[in-house]
Structures are given as structure tokens and as C-alpha cells.
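Take each task first, then compare your steps with the solution.

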Amino acid sequence: MKTERIDRTGMVRTAEVERQTLETQIRVSIDLDGQGSSRLQTGLPFLDHMLDQVARHGLIDLDIQAAGDLQIDAHHTVEDIGITLGQALSRALGTKHGVRRYGHAYVPLDEALSRVVVDLSGRPGLTFNVSFTRAMIGGFDVDLFREFFQGLVNHAAITLHIDNLRGDNAHHQAETIFKAFGRALRMAVEPDPRMTGMTPSTKGSL
């Protein structure tokens, strides 16, 4: 089931997407003009904590319900959440008329500092420069963060640069990345009153 709401400018700003496979069952609902609220049940507490950062700092309402083959490992679930969230983001953005398109953010947390830059380009691309100081955070395999963002950019068709500039604590590294992603995404999807009805590209489409 997929639902959308279109505002008076013709911009699609909400979406719901379901993904059903033999490995996972995922449902994502997103509201780009939300209050930063979230309802997250992925079966992976640390991932829920990170996704909550995206909602709160992006002022995006986010509802993600996931059931996956966690008895094997978390890979399929994390990747498919990224895929489904990317699909929902793409649908919620619609034509992208009138949005700012680009967003960036630097976010510190104690000794850690991350920079995230987003382009709603219509072209999937991920640059992920992160060297975590340990392999696991609360039972979560940090290698899966790349898989999450790769699935997201592939299906949202966005360009995303993630750089952890410094950090000694892996939890802090991850949290600055997700907070910065939320902030950068908030900037990129924000309506620009000077671009109302226009596509932010010389090509005329994104």
C-alpha cells in the first residue's frame, strides 16, 4: 500500500512504501514537512537510535516497521530499510520543483566531527569516507552503515558525500553522521520561495 499527499504547490511531500521479500518485510512512511517524530521498530536498537537522529534533526516524520532474517545477520534488514527509505524519499519529493536541492551540515559530538553533503541530483552516488574505531557498536556491525546508505542513494537517486573528519568513539562517529545527514537532508528538501514551480537544474529536470 502506498499513499501520497500533494500540497497546493503540486509538490508531493509524503509517501508510504512497502517492500516484501523472502528475507524482509519493510514498511516506511515519511512526511518531509513533519515535526521530527518517529516510530521505529527495526529489531536493531542501535539502528533505531540512528534513524531517530535523522527524523529529529531533519524535522521529518518517519515511521519504519521492519521484520527480517536477523537470525542469520542484520545485513538484509539494514540494506532493505535503506532501499525502502530511499524509495519513499524519492516518491515524497515528486518532481522536486521548488526545493533547494543541495544541503550540507557539519555536526560535532564531543571529539567526533562529521560532514554530510546531499544533492537531490536524480543520479545515485555515494562517497563514504568513514573509518570506525571499532567493528561493533552495541551488537551492530558498523560495516552495515555503508550498506544502508548505498541502498538509500540507489533508490532515492541522490548524491551523498559522507565524511567523518575525526573521532575516537565509534558511537560518536555514527551519531554525528546520522545527525549531519538529517540536517543536510532537511536543507536539501526545504522549499525555496524563490524557486516556486521551478526545477533547480539548468537541465529542466532532476
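**Exercise 1. Find how many cavities of 30 Å³ or more there are in this predicted model, and describe the lining of the largest cavity by class.**

Solution. 

Step 1. Begin with the count: one cavity of 30 Å³ or more turns up. The volume of the largest cavity is about 60 Å³.

Step 2. Now list the residues around the largest cavity. Its lining consists of I30, V54, I60, L62, L85, L89, L152, F181 and L185.

Step 3. Sort the lining by class.

**Exercise 2. Work out how helix 3 and helix 4 are oriented where they pack, and which residues make the contact.**

Solution. 

Step 1. Take the geometry of helix 3 (residues 143–156) and helix 4 (residues 170–189): the packing angle is about 15 degrees, and the axes lie 12 Å apart.

Step 2. Angles under 35 degrees count as roughly parallel, so helix 3 is roughly parallel to helix 4.

Step 3. Check the handedness too: helix 3 and helix 4 cross in a left-handed sense.

Step 4. Pick out the contact residues. Helix 3 brings F145, F148, F149 and L152, while helix 4 brings A174, I177, F178 and F181.

Step 5. Classify them: this contact has eight nonpolar residues, no polar and no charged ones.

Step 6. Finally, connect the two exercises. L152 and F181 belong to the helix 3–helix 4 contact, and L152 and F181 also line the largest cavity.

Note on methods:
Residues numbered from 1 in each chain as written. Predicted model: local features only at pLDDT ≥ 70, side-chain atom pairs only at ≥ 80, totals over all residues. Heavy atoms only, no water. Axes fitted to C-alpha atoms, helices over the stretch in contact; angles between N-to-C directions. Helix = DSSP H or I, 4+ residues; strand = E, 2+ residues; numbered from the N terminus. Parallel < 35°, antiparallel > 145°, perpendicular 65-115°, else oblique. Left-handed = near helix turned anticlockwise from the far one by under 90°. Contact = heavy atoms within 4.5 Å. Nonpolar A, V, L, I, M, F, W, Y, C, P; charged D, E, K, R; others polar. 1 Å grid on protein atoms, 1.4 Å probe; cavity = no way out; pocket = protein on both sides within 12 Å on 5 of 7 lines; lining within 4 Å. Points joined across faces, edges and corners; volume = space filled by probe spheres on them.
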